[in-house]
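Hello,

Here is the structure I said I would pass on. My notes follow it.

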Amino acid sequence: MFEYEMHQMRAAELARVADRERQVDEARKVRAAARRSARHEGEGRVSARLRLRTIRFTRTA
């Protein structure tokens, strides 16, 4: 009986891990979709890093 109970505990643990991984994957997909949709919106906020990079390295002819 002990082996059966250990098996049941392991199966429950694996189910919890799989559920957690599914939730993480779903959250990643939602965040990626939000980033994609944000790109297509109007003008967005410009980060300070981006501004510094464009100031330091100007385009050449």
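E13 counts as partly exposed, at 37% relative accessibility. Please keep in mind that this is a predicted model. E13 has a charged partner: R10 forms a salt bridge with it, and the closest N and O atoms are 3.7 Å apart. R10 is partly exposed too, with a relative accessible area of 44%. Both residues lie in helix α1, which covers residues 2-39. They sit three residues apart, about one turn of the helix.

How many salt bridges does the chain hold by this rule? The count comes to three. The R10 and E13 pair is one of them. The others are as follows.

D19 and R22:
- Their side chains meet in a salt bridge, at 3.9 Å from N to O.
- Both lie in helix α1, three residues apart, about one turn of the helix.
- D19 is partly exposed, with a relative accessible area of 35%.
- R22 counts as exposed, at 52% relative accessibility.

D25 and R28:
- The side chains meet in a salt bridge, with 3.9 Å from N to O.
- Helix α1 holds both residues, three residues apart, about one turn of the helix.
- D25 counts as partly exposed, at 39% relative accessibility.
- R28 is exposed, with a relative accessible area of 56%.

Why is R22 called exposed while D19 is called partly exposed? The cut-off decides it: exposed means over 50% relative accessible area, and buried means under 20%. R22 is at 52%, so it counts as exposed. The D25 and R28 pair reads the same way, because R28 at 56% is over 50% and D25 at 39% lies in between.

As for the pairing itself, side chains of opposite charge can pair when their charged atoms come close.

Now the chain as a whole. It has two helices and zero strands. Buried residues make up 2% of its 61 residues. The chain exposes about 6,600 Å². Carbon and sulfur atoms supply 55% of that area.

Best wishes

Conventions. Residues are numbered from 1 along each chain as its sequence is written. This is a predicted model: local features need pLDDT of at least 70, side-chain atom pairs count only at pLDDT 80 or more; totals for chains, interfaces and linings use all residues. Side-chain values use heavy atoms; hydrogens and water are left out. Helices (H or I, at least four residues) and strands (E, at least two) are DSSP runs, numbered from the N terminus. Buried means under 20% relative accessible area, exposed over 50%, partly exposed in between (1.4 Å probe, protein chains only). Accessible areas come from the Shrake-Rupley method with a 1.4 Å probe; for residues, only the protein chains shown count as cover. A salt bridge is a side-chain nitrogen of Lys or Arg within 4 Å of a carboxyl oxygen of Asp or Glu.
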